[in-house]
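The sequence and structure come first.

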Amino acid sequence: MIEETILTKNIYSGKVIEVVTKEVKIDNKVATREIVLHRGAVCAVAVTKENKIILVRQFRKAIEAYLTEIPAGKLEDREDIEAAIIRELREETGYQVTDLKYVTKFFTSPGFSNELGHLFFAKLGEKGETDFDEDEYIDVHEYGLQDILKMINNGEITDAKTILGILMYAQDFS
């Protein structure tokens, strides 16, 4: 059943997200939905010339823990998704992209957010310097596919976009 929106109220506007509440009508009843609005994000399974996959490790304040993830980032205002992932890979890993394939789009947490992620497979060329944001601290690592699959299976990798990307990559390339 589609929920008819009766009223939308802006609760918070920040540099990354907005939070709104929506009063909705469902079968002659009224309910409130809290929704996080997000511009969207890009991520990539990025593979070096030596057939190693780049993963980044960084502290994530929302869960108070380090995560090992595929490189990713939020879209800037009106930014093209291909330009965004090329920018993110250069900034986070230092690598230049030589080939890019769009794989799929996915919602990250549709129960409360409209964030739409875009997954790519990227072949990497020459490595240059990273260009982290001033508040970004990232460790860059290279792994073989089988090692990453083991890390997923033993619970070392718990990030959904990373699991999705690696499993789709393994399906296509193993």
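Is N28 buried or exposed? N28 is exposed, with a relative accessible area of 72%; buried means under 20% relative accessible area, exposed over 50%, and partly exposed in between, with a 1.4 Å probe and protein chains only.

The model is predicted, so local features need pLDDT of at least 70 and side-chain atom pairs count only at pLDDT 80 or more, while totals for chains, interfaces and linings use all residues. Residues are numbered from 1 along each chain as its sequence is written, and side-chain values use heavy atoms, with hydrogens and water left out.

**The sheet**

Three strands form an open sheet in the order β1-β2-β3, with antiparallel pairing. The edges are held by β1 (4-13) and β3 (29-38), each of which has a single partner strand, so one side of each lacks a neighbour in the sheet. On average, neighbouring strands of this sheet are turned by 20° against each other, direction ignored. Axes are lines fitted to C-alpha atoms, for helices over the stretch in contact, and angles run from 0 to 180 degrees between N-to-C directions.

Strands (E, at least two residues) are DSSP runs numbered from the N terminus, and two of them pair if DSSP finds at least two bridges between them. β1 and β2 (residues 17-26) run antiparallel and are joined by 8 bridges. Within this pairing, E4 stands opposite K25 in β2.

Most residues other than glycine have a negative phi.

Conventions
Helix = DSSP H or I, 4+ residues; strand = E, 2+ residues; numbered from the N terminus.
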